[in-house]
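These are my notebook entries on a single chain. I set out to look up its charged pairs, its strand pairing and its nonpolar cores.

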Amino acid sequence: LIIIIFVMNIINNTSKDQLKHEFDKSRVLIEDYLEMQKHETKHVGDVILKTIEDDPIISSTLKNNDRDALFKRFKPLYDSIFKNNKISHLSFIKPNKEVLLRVHKPDHYGDVLDRSTILEAKKTGKVTEGIESGPDGLLTYRVVEPYYNNGELLGYIEIGKDLPHILDEAKEFLNMDFNLYLYNKAFDVNLVSNTLKKLQHIFVY
């Protein structure tokens, strides 16, 4: 559950009705923009995933767990999508949910994922999405797609965009400041809180 609290400069004689009207209007603007950002990120993610799926080496590198070849091939793509779209995560995951390669953090691999997106993708065999925390506790909007070749599951491809990037874009576009409050039962509080101490405008309650 995500709650948005924003701050507006209101002159002293603003009536309660006027304040409520401005509050409601701004809340709707923020919620609509964040929803638009989510759909935009999903669309960009779909294009990226299709590009990777169509690459002639993807099947062999996943099947052979060739981390070095994957990194060499897709690091330029990652650099481009981070620069142009702030897509901060690109990962290749084995069928058993073990991380084969994080292109954004190539030295961190081998852990087995148990996030809802990967579990749902494994269960349904379909693309899944959601906002989840990673090993560093940073909240990220993720899109996970199972990759099949001739009916054989060779692994999963995951892209993600960190929530702070989405919020910064929202604040700039709307010319509005606001805070994000996260309901603590929806996340690993200890993990997320430690990371959020380093960030502004995002809190756990």
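Entry 1, charged pairs. I began with Lys94, which is buried at a relative accessible area of 17%. The model is a predicted one, and I read the values below with that in mind. The side chain of Lys94 meets that of Glu98 in a salt bridge, at 3.3 Å from N to O. I then looked for bridges with shared partners and found one network made up of Arg115, Glu132, Arg142 and Glu158. For the structure as a whole I noted 9 salt bridges.

I looked up Asp55 and Arg73, whose side chains form a salt bridge at 3.0 Å, N to O. The two lie 18 residues apart and link distant parts of the chain: Asp55 sits in the loop between helix 1 (16-53) and helix 2 (58-63), and Arg73 sits in helix 3 (residues 67-85). I checked the accessibility of both partners. Asp55 has 16% relative accessibility and therefore counts as buried, the cut-off being under 20%. Arg73, at 38%, counts as partly exposed.

I next recorded the salt bridge of Lys63 with Glu152, in which the closest N and O atoms are 3.5 Å apart. This pair also links distant parts of the chain, with Lys63 in helix 2 and Glu152 in strand 6 (residues 152-162), 89 residues apart. Lys63 counts as exposed at 54% relative accessibility, whereas Glu152 is partly exposed at 37%.

How many residues of strand 2 are buried? I found 5 of the 5 to be buried, so strand 2 is largely enclosed by the rest of the structure. His89, Ser91 and Ile93 point one way from the strand, while Leu90 and Phe92 point the other way. Strand 2 runs antiparallel to strand 6, to which 5 bridges join it; Leu90 stands opposite Ile159 there. Strand 2 also pairs with strand 3 in the antiparallel sense, over 3 bridges, and Ser91 has Arg102 as its bridge partner in strand 3. The hairpin of strand 2 and strand 3 has 5 residues between the strands, and in it Lys97 takes a positive phi near 80 degrees.

On one side of the pairing list, 6 bridges join strand 5 to strand 4 (residues 128-133), the two running antiparallel. Arg142 of strand 5 stands opposite Gly130. Strand 5 and strand 6 also run antiparallel and are joined by 10 bridges, Tyr148 standing opposite Leu153 in strand 6. These two strands form a hairpin with 2 residues between them, and Asn150 in the turn has a positive phi of about 50 degrees.

Which residues have the most contacts inside the largest core? I listed Ile52, Ile58, Leu62, Leu70, Leu90 and Phe92, in a core of 22 residues. Helix 1, helix 2, helix 3, strand 2, strand 3 (99-102), strand 5 and strand 6 each supply at least two residues of this core.

Note on methods. Residues numbered from 1 in each chain as written. Predicted model: local features only at pLDDT ≥ 70, side-chain atom pairs only at ≥ 80, totals over all residues. Heavy atoms only, no water. Salt bridge = Lys/Arg side-chain N within 4 Å of Asp/Glu carboxyl O. Helix = DSSP H or I, 4+ residues; strand = E, 2+ residues; numbered from the N terminus. Buried < 20%, exposed > 50% of the residue type's maximum accessible area, 1.4 Å probe, protein only. Pairing = 2+ DSSP bridges. Core = buried A, V, L, I, M, F, W, Y, C linked by side-chain atoms within 4.5 Å.
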